[in-house]
Amino acid sequence: SGATLEAKSVILATGARWREMNVPGEKEYKGKGVCFCPHCDGPLFKGKRVAVIGGGNSGVEAAIDLAGIVSHVTLLEFDSKLRADAVLQAKLRSLLNVTVITNAQTTEVAGDGEKVNGLAYKDRISGQTKQIDLEGVFVQIGLLPNTDWLKGAVALSKRGEIEVDARGQTSVPGVFAAGDATTVPFKQ
């Protein structure tokens with residue numbers, strides 16, 4: 001609107017957004033089978049087949065949680081091994097309705113025009129493209145801080161997070177920051 005506000009202090013709490021895969025079909029089927037929150041959307045896939053993209057703690061936790069709701073979970077990890085904590089990996093591998101595929105580069109989310117019905121991935125070792133029939137894809141490959149507009153205004157980390165001290169102060173006097181947009185280890 002062009003309005004100007006004046007204050008002695010400002011608190012930046014712009015949050016973060018889910019990192020996307022940027023593959024064909026992801027945007028088209030967002031909300032139609034492509035999901036980012038297993039707790040929010042997991043119950044919608046009761047008894048169905050889903051994939052989780054990402055082998056870090058978030059991805060493995062999502063796969064464990066979803067395994068209790070859906071008929072089958074396929075976890076795809078780009079790297080040659082999962083990066084999640086050992087205790088989470090042990091729990092995941094104990095579940096009978098979970099398949100883990102490493103060295104998998106997701107290349108496409110497929111659908112029938114209305115909803116997701118599969119995905120394609122490239123085996124990074126053989127180069128072969130493979131298909132999986134499923135009804136849902138949960139993307140768990142990290143968060144991106146909503147800070148692009150702050151470049152040059154306050155100090156940002158290499159990841160684009162607002163650098164803060166123990167009191168939430170930024171590099172600019174009177175400007176504070178909190179939450180997922182900051183360098184605070186556990187966010188929020």
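Which does T170 count as, buried or exposed?

Modeller: T170 counts as buried, at 12% relative accessibility; buried means under 20% relative accessible area, exposed over 50%, and partly exposed in between, with a 1.4 Å probe and protein chains only. The model is predicted, with local features needing pLDDT of at least 70, side-chain atom pairs counting only at pLDDT 80 or more, and totals for chains, interfaces and linings using all residues. Residues are numbered from 1 along each chain as its sequence is written, and side-chain values use heavy atoms, leaving out hydrogens and water.

The position of T170 is in the loop between β11 (143–145) and β12 (175–177); helices (H or I, at least four residues) and strands (E, at least two) are DSSP runs numbered from the N terminus. A polar atom of the T170 side chain lies 3.2 Å from the backbone nitrogen of V172. The backbone oxygen of V175 is 2.7 Å from a polar atom of that side chain of T170. A polar contact is a pair of N or O atoms within 3.5 Å; within protein, one must be able to donate a hydrogen and the other to accept it, and residues adjacent in sequence count only if both atoms are side-chain atoms. Not counting residues up to four places away in sequence, T170 touches V154, I162, E163, V164, V175, F176 and A177, where contact means heavy atoms within 4.5 Å.

Elsewhere, two aromatic pairs are found in the structure. Rings of Phe, Tyr and Trp (its six-membered ring) pair if their centres lie within 6.5 Å; planes under 30 degrees apart count as stacked, over 60 as edge-to-face and the rest as tilted. W18 and F36 form a stacked pair because their ring centres are 6.4 Å apart and their planes at 25 degrees. W18 belongs to strand β2 (residues 16–18) and F36 to the loop between β3 (34–35) and α1 (38–41), so this pair ties together parts 18 residues apart in sequence. W18 is partly exposed at 37% relative accessibility, whereas F36 is buried, with a relative accessible area of 10%. The pair of F45 and F138 is edge-to-face, at 5.4 Å centre to centre and 75 degrees between the planes. This pair links distant parts of the chain, 93 residues apart: F45 is in the loop between α1 and β4 (49–53), and F138 is in strand β10 (residues 136–139). F45 and F138 are both buried.

Charged side chains complete the account. Eight salt bridges are found in the whole structure, each a side-chain nitrogen of Lys or Arg within 4 Å of a carboxyl oxygen of Asp or Glu. One of them joins E20 and K30 (2.6 Å, N to O). E20 and K30 each lie in the loop between β2 and β3, so their pair ties together parts ten residues apart in sequence. E20, at 22% relative accessibility, is partly exposed, and K30, at 37%, is partly exposed. E77 and R83 also meet in a salt bridge (2.5 Å, N to O); E77 is buried, with a relative accessible area of 4%, whereas R83 is exposed, at 52%. R17, D148 and K151 are linked in a network of salt bridges, in which D148 meets K151 at 3.9 Å, N to O.
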